[in-house]
Amino acid sequence: MDVSQIAQSVAAGDRRALARAITLVESTRAEHRALALELADRLRSTGRQALRIGLSGTPGVGKSTFIESFGLMLVAQGLRVAVLAVDPSSARSGGSILGDKTRMERLSREALAFIRPSPSQTHLGGVARRTREAVALCEAAGFDVVLIETVGVGQSETVVAELSDLFILLLAPAGGDELQGVKRGIMEMADIILVNKADGDLKPAALRTCSDYAGALRLLRRRPQDPDGFPKALTVSALEDAGLEKAWVEMQALTEWRKANNHWETRRAAQSRHWFEEEVRQGLLAALTAKPETREAMRAAGDAVARGEMTPDSAAAKVLHSLAARC
């Protein structure tokens with residue numbers, strides 16, 4: 001594999017080369033990992049930045065439909081749009097359907113759009129292990145907006161906020177009241193809440209839900225990275241393309257304010273530090289479990305726990321103590 005050639009093709013905006021590059025960084029093979037690191041170093045010099053938008057919400061809220069309608073609107077404005085859709089992996093077989101691209105049939109035919117579904121595998125938080133690197137590749141390829149769709153998350157899964165410049169939370173009509181809105185977790189991480197499906201018979205319910213969450217957001221503690229009026233709740237209809245232009249205007253306004261007030265670069269620097277520390281933690285864990293003596297110690301301790309001879313906490317403490325003694 002010629003990493004230099006792939007890097008040149010990605011930087012030139014070749015979508016096929018970009019797909020190959022993402023496959024490379026997602027590979028778990030050691031030799032591929034070394035090539036992926038070389039590729040990242042070569043593309044870092046492009047210095048390109050895209051607007052990273054993380055989109056989350058419960059399954060069935062209409063994330064894929066919203067992304068297609070929103071993406072088509074952006075493409076119509078001449079913007080290049082990349083969509084990184086993370087699909088849940090089966091806990092039994094490890095497989096994923098990867099059907100998000102099938103749902104976005106119209107957007108997938110656009111020359112200015114790129115859609116890449118990826119399996120979440122064993123990674124928690126609604127995104128895949130290498131989504132961050134895939135985002136960087138899309139930026140190097142010259143895309144203007146990168147949309148990161150999570151698997152459909154719950155209250156505490158907010159990893160996508162560490163990947164994005166804007167964190168958009170999609171909600172369904174009648175999805176909760178003010179009390180639900182002030183719960184800590186994903187609500188307080190959102191920059192903009194969009195109540196989808198504000199059309200037909202659901203429109204009155206969507207308006208009530210939006211009003212409830214708008215009131216709840218005013219009760220949350222003010223964040224330094226927000227101007228007056230943010231975070232805010234809006235209604236949209238991905239089916240009827242209603243409210244999409246207004247949502248985009250609000251996203252642009254928030255982005256420009258953060259850039260002008262030095263929150264954009266500060267946030268990106270903090271995210272880079274977060275992922276550096278996360279990579280070190282994952283690397284240490286992988287290195288420890290790769291040693292035969294460590295695997296044997298964990299197997300023996302696990303058997304003792306299964307037989308009821310030790311509690312899980314005591315067994316874990318024993319294994320960690322033995323590891324610390326050898327380090």
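Which residue in β4 is the bridge partner of G54? It's I148, and we'll come back to that pairing below.

## What we're looking at

This is a predicted model, where local features need pLDDT of at least 70 and side-chain atom pairs count only at pLDDT 80 or more, while totals for chains, interfaces and linings use all residues. Residues are numbered from 1 along each chain as its sequence is written, and side-chain values use heavy atoms, with hydrogens and water left out.

The chain's secondary structure comes to 14 helices and seven strands; these are DSSP runs numbered from the N terminus, H or I of at least four residues for helices and E of at least two for strands. Of the 327 residues, 45% count as buried (under 20% relative accessible area with a 1.4 Å probe, protein chains only; exposed is over 50%, partly exposed in between). Take the contacts (heavy atoms within 4.5 Å) between residues at least 6 apart in sequence, and 77% of them join residues at least 24 apart.

Strand β1 covers residues 51–57, and seven of its seven residues are buried, so it is largely enclosed by the rest of the structure. Both faces are covered: L51, I53, L55 and G57 are buried on one side, and R52, G54 and S56 on the other.

β1 pairs (at least two DSSP bridges between the strands) with β4, residues 145–149, through five bridges, and the two run parallel. That is where G54 meets its bridge partner I148. Five bridges also join β1 to β5, residues 166–171, again in parallel, with L55 standing opposite I168.

## The largest pocket

The largest pocket has a volume of about 900 Å³. A pocket here is an open set of points on a 1 Å grid over the protein atoms alone, where a 1.4 Å probe fits and there is protein on both sides within 12 Å along at least five of seven lines; lining residues have an atom within 4 Å of a point. The volume is the space filled by probe spheres set on the points, which are joined across faces, edges and corners.

There are 31 lining residues, with R44, R52, R132, A136 and S272 nearest the centre. The elements giving two or more residues to the lining are α3 (30–43), α7 (131–140) and α12 (263–290), and α12 has the largest share, at eight.

## A spot in helix α1

S9 sits in helix α1, residues 3–11. S9 is buried, with a relative accessible area of 16%. Leaving aside neighbours within four places in sequence, S9 is in contact with D14 and A17.
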